[in-house]
Amino acid sequence: MRYWIAALCLGFGGLTLAEPPALHSGQEARYQALIEELRCLVCQNQNIAESNAPLAEDLRLQVAEMINAGRSDAEIKDYLVARYGDFVLYRPPFKPNTWLLWGGPFLLLVLGLVTAFRIFSGRRSETPDESVDQAALHKLLQGQSDQRNKS
Amino acid sequence: MKARFLIPVGIVAALLVVLAVGLTLNPREVPSPLIGKAAPPFALPRLYQPDQLVTDASLKGRVTLFNVWASWCVACREEHAQIERLAKEFGMYIIGLNYKDETQDALGWLSHFGNPYSAVAVDADGRVGIDWGVYGVPETFVIDSAGVIRYKHIGPVKAADIENRILPLVRELEGGQG
Amino acid sequence: MPAIERIEVTQSVTSLFLPELGHFALCLALSLTVLQAVVPMLGVVTGRVLWSELARPAAIGQFSFLLIAYLILTWCFIVSDFSVSYVAHNSNTQLPLAYRISAVWGAHEGSLLLWVLMLASWTMAVAFFSKSLPRDLTATVLSVMGMVSIGFLLFMLLTSNPFDRQFPVPAEGRDLNPLLQDPGLIIHPPMLYMGYVGFSVAFAFAIAALIGGRLDTAWARWTRPWTTSAWMFLTLGIMLGSWWAYHELGWGGWWFWDPVENASFMPWLVGTALVHSLAVTEKRGIFKSWTVLLAITAFSMSLLGTFLVRSGVLVSVHAFATDPERGVFILGFFAIVVGGSLGLYAWRAPRFRASGKAGFFSREGFLLLNNIFLVVAAAAVFVGTLYPLLADAMSLGKLSVGPPYFNTVFVPLTLPLVLLVGCAAALNWKRGRVDTLWQRLRWVALLALAAGLAMPWLMLGKTTFLVIAAVSMAFWAMFSASEEIIRRGSRRGWLKIPAAIWGMSLAHFGLGIFVIGVTLVSAYSAENDVRLAPGESAELSGFEFRFEGITQYAGPNYDSTVGKVTVSRGNKALAVLEPEKRIYRAMGNAMTEAGVLPRLHRDLYVSLGEPLSGQAWSLRLYYRPFMRFVWLGALLMALGGFLAMFDRRYRKPGKLDSGIERHAVAESDV
């Protein structure tokens with residue numbers, strides 16, 4: 001199963017640039033940005049800008065034609081998603097099955113910051129009760145300041 | 001033992017389950033969003049009569065297989081005996097989509113390996129292929145009598161796929177219709 | 001001719017038994033490793049000194065036998081012994097000698113052998129440099145490393161034996177993946193593995209701390225140099241990988257957020273957090289269970305990376321030939337090592353008590369913030385890498401998570417880090433004061449803002465608000481790192497600045513350089529796909545690229561087409577770039593070698609595409625401002641780590657030991 005698709009993927013190390021499709025002037029940057037965000041279905045570790053699979057070439061042409069026809073980025077993406085699914089989008093859409101993906105890291109950050117704040121405010125209030133071996137602490141600090149003096 | 005020290009073990013346990021399930025999946029197989037939707041319309045020249053057209057209308061009225069193939073595709077050769085079997089042994093109605101091929105090569109290929117197709121549509125530039133979400137030939141679609149795509153098989157059809165997936169589905173669809 | 005004959009004779013004789021000898025050496029190494037894992041631990045538990053002392057000789061023995069196995073495999077590559085199936089699959093007689101030697105780690109089995117050999121080297125290093133450590137600690141650490149090693153040796157012997165023979169012997173081998181036939185890739189994997197495997201030392205120290213119930217300043221001090229060196233190797237390994245991808249893939253990119261890159265980046269982020277939290281644990285005796293958790297996590301991330309790369313659960317550029325059986329084995333191993341150590345953590349870590357205290361506005365507090373941002377960044381990479389798998393496993397649909405996601409999420413999570421870098425070193429431990437910090441750093445801040453405003457505009461003639469913000473932050477990190485050095489140097493003499501301070505400042509300075517590079521190369525790169533016939537030229541970012549035509553030449557094992565592109569600005573010719581397209585004869589694989597004009601402040605880069613109609617070729621031109629800063633920054637970070645390892649306090653642990661030993665005793669009473 002895997003070998004057969006990989007066989008269509010002609011050596012991922014070799015950059016094969018076919019002739020770039022003709023674009024209306026001023027659209028090059030938009031075209032480049034779009035094809036870099038679309039995943040090739042044949043060489044699946046590449047976007048369609050990098051991939052040299054025949055399908056990627058067809059899709060680049062399709063994107064170029066749609067841009068020339070005045071279609072918006074969203075329309076072009078919808079067109080491809082209708083045919084290949086969300087898999088083609090390297091920027092996953094924000095919807096229920098990706099809430100965790102987009103929100104997770106920031107949720108974790110908030111959680112981490114809250115925890116950190118609680119640790120420190122808790123630690124300060126506990127401070128008087130904390131039984132520390134003062135002698136050992138003194139020794140340690142001494143050791144550190146010795147070090148500092150030496151260096 | 002405080003509960004918060006157990007959190008890491010919990011996370012890893014969940015991770016292990018996901019990874020274990022992941023080992024049984026194929027990350028490369030992309031399910032088609034077209035399943036359950038009407039077959040994309042097309043109107044393409046016939047391979048044998050280039051001046052006539054095959055259209056999506058030919059997919060309606062009976063359960064149909066839609067097989068995407070090309071003469072340059074090695075895996076198509078591998079599956080061809082099974083497609084032949086589907087046509088001859090099980091009497092399936094099969095439309096072929098000759099994908100990004102040279103007409104002469106395609107004709108030679110069929111005369112050499114046999115022609116299981118009721119009609120072959122020529123998709124020279126691969127546009128219809130894009131509409132159908134084709135990304136790796138061979139691909140085979142099962143279409144019900146209303147012209148709705150019910151199943152997509154990616155890669156060469158093997159005998160086991162016919163017995164386990166395709167035939168049961170076709171029987172079911174035909175049963176529902178009759 | 002005689003030389004060749006001699007080699008052939010040698011080959012036919014040695015080929016009779018050498019691979020078997022290699023296999024045998026692996027088995028012996030495994031049995032010694034079992035000894036190293038079991039007996040010293042029993043010695044610690046039962047109090048038998050002799051048993052604990054066995055750890056060192058067993059570690060030396062394990063290393064020796066693995067070295068023998070490794071050398072034998074290398075020899076099989078040198079003489080092209082294709083009866084060894086691994087050699088036959090990854091080499092051939094046309095392959096230049098240097099690549100035959102590096103082909104040993106060019107695929108799964110051999111790279112695993114390298115991995116195990118490195119693990120044994122780290123184990124040996126611990127055995128040698130731990131003479132001043134308490135005997136029980138050394139014995140436990142070596143035993144834990146032995147357990148890890150057992151897993152990998154079993155994995156190799158049961159599923160991936162590099163010495164497997166094949167009959168009939170093929171007359172010619174296949175080839176080393178041409179992607180790997182590049183000087184960058186000769187050293188990239190060993191560096192990377194040194195980093196991955198090196199975290200096993202911190203891991204073993206963490207487990208020993210959990211088992212022994214002892215986690216104090218001395219423990220942190222012993223663990224630090226090991227962690228720092230592993231981190232340094234990982235930094236270098238990742239940097240080399242990026243540099244290689246830039247030159248070899250022909251897409252002008254230096255980081256693709258590919259699962260395999262992410263697999264190396266996650267342990268790096270967690271390892272960076274560990275390096276910082278160890279500092280707090282050493283100096284202040286707090287964050288103990290957190291530090292242990294990070295040590296376990298850093299190594300777990302290395303193991304996870306191994307699983308992701310070698311099991312085929314994700315689609316990736318570099319994936320090794322995969323096999324579900326291997327995936328199951330590594331997953332089981334991962335479950336035992338990570339599950340076991342986190343179970344131990346849940347059981348034993350609650351007993352660690354902080355021995356210091358601090359307010360939030362202090363160096364501790366800021367280092368904790370640093371840790372939070374780093375760990376959340378690692379979590380973001382983790383979530384992004386595994387989400388497609390998660391969604392698929394839970395039948396939520398197939399989706400892709402690529403660079404747009406990572407760039408969007410990662411930048412806001414990491415930019416605050418750059419701000420923190422500037423403050424942390426200038427803040428006091430325990431309780432910092434806003435006014436002293438302000439007094440000390442206001443000029444640094446002002447200068448950084450001025451530099452951030454001016455530099456992109458002066459160098460590139462354009463700027464945006466985001467670029468000003470990011471570059472100012474980068475200068476803030478660089479200037480405050482310099483301020484630390486200047487302040488110390490002018491007060492107490494330059495030679496008295498401890499190596500650790502040099503290291504820290506250099507690494508933070510490097511971070512600033514790195515951020516400048518990333519910002520400017522992302523914001524102001526330009527590229528252009530063009531079709532050029534000989535004599536025609538194209539313009540990009542004020543440079544003229546003139547295509548002169550192509551020439552052909554035959555390399556040792558490939559045929560190359562070389563394009564000649566003259567780059568000029570105004571009327572001044574700058575360089576002739578020679579992008580290549582190579583076809584490796586053995587398998588007919590095509591490879592790209594970009595033509596690059598590297599300068600400190602910009603790269604000009606050309607890849608050769610395909611021949612088009614007539615004499616024309618498709619070419620891709622890139623303008624990459626400050627590309628070199630990205631790698632230079634990473635290099636400085638690694639160099640900083642290197643310097644920090646040589647701090648004198650690591651070399652004389654004995655002196656402090658007694659005092660801290662007593663402190664530790666007192667602490668365990670708490």
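**Exercise 1. Judge the span of helix H4 of chain C, and say what follows the helix.**

Step 1. Helix H4 of chain C covers residues 55-78, which is 24 residues.
Step 2. From its first C-alpha to its last, H4(C) reaches 34 Å. This is a predicted model.
Step 3. At 1.5 Å a residue, 34 Å is expected, and the span of H4(C) is close to it.
Step 4. Just after H4(C), Ser80(C) has a positive phi of about 55°.

**Exercise 2. Describe how H4(C) packs on helix H8 of chain C.**

Step 1. Two packed helices are described by the angle between their axes and the distance between the axes.
Step 2. Take the geometry. H8(C) spans residues 135-159; its axis and that of H4(C) come within 10 Å and cross at roughly 30°.
Step 3. Assign the hand. The crossing of H4(C) past H8(C) is left-handed.
Step 4. List the residues. H4(C) brings Ala55(C), Ala59(C) and Gln62(C). They meet Thr138(C), Ala139(C), Leu142(C), Ser143(C) and Ser149(C) of H8(C).
Step 5. Sort them by class. This contact has four nonpolar residues, four polar and no charged.

**Exercise 3. Classify the packing of helices H9 and H11 of chain C.**

Step 1. Locate the helices. H9(C) is residues 183-212 and H11(C) is residues 259-284.
Step 2. Read the geometry. Their axes lie 11 Å apart, and the packing angle is about 45°.
Step 3. Apply the cut-offs. Angles under 35 degrees count as roughly parallel, and 65 to 115 as roughly perpendicular. H9(C) and H11(C) are therefore oblique to each other.
Step 4. Name the partners. Leu192(C), Tyr196(C), Phe199(C) and Ala202(C) come from H9(C). Ser264(C), Pro267(C), Gly271(C) and Leu274(C) come from H11(C).
Step 5. Sort them. Six are nonpolar, two are polar and no residue is charged.

**Exercise 4. Relate domain 1 to domain 4 in chain C.**

Step 1. The domain assignment places domain 1 at 1-176, domain 2 at 186-432, domain 3 at 434-522 and domain 4 at 526-627.
Step 2. Take the separation. The C-alpha centres of domain 1 and domain 4 of chain C are 43 Å apart.
Step 3. Count the contact. Domain 1 of chain C gives six residues, and domain 4 of chain C gives six residues.
Step 4. Class the domain 1 side. Facing domain 4 of chain C are two nonpolar, two polar and two charged residues.

**Exercise 5. Characterise the contact between chains B and C.**

Step 1. Count both sides: 19 residues from chain B and 25 residues from chain C.
Step 2. Class the chain B side. Here 16 residues are nonpolar, one is polar and two are charged.

Key:
Residues are numbered from 1 along each chain as its sequence is written. Chains are lettered from A and ligands numbered from 1 in the order in which they are written. This is a predicted model: local features need pLDDT of at least 70, side-chain atom pairs count only at pLDDT 80 or more; totals for chains, interfaces and linings use all residues. Two residues are in contact if their C-beta atoms, placed from the backbone, lie within 7 Å. Ala, Val, Leu, Ile, Met, Phe, Trp, Tyr, Cys and Pro count as nonpolar, Asp, Glu, Lys and Arg as charged, and the others, Gly among them, as polar. Helices (H or I, at least four residues) and strands (E, at least two) are DSSP runs, numbered from the N terminus. The expected span of a helix is 1.5 Å times one less than its number of residues. Domain bounds come from an automatic or database domain assignment. Axes are lines fitted to C-alpha atoms, for helices over the stretch in contact, and angles run from 0 to 180 degrees between N-to-C directions. A crossing is left-handed if the near helix is turned anticlockwise from the far one by less than a right angle, and right-handed if clockwise. Angles under 35 degrees count as roughly parallel, over 145 as roughly antiparallel, 65 to 115 as roughly perpendicular and the rest as oblique.
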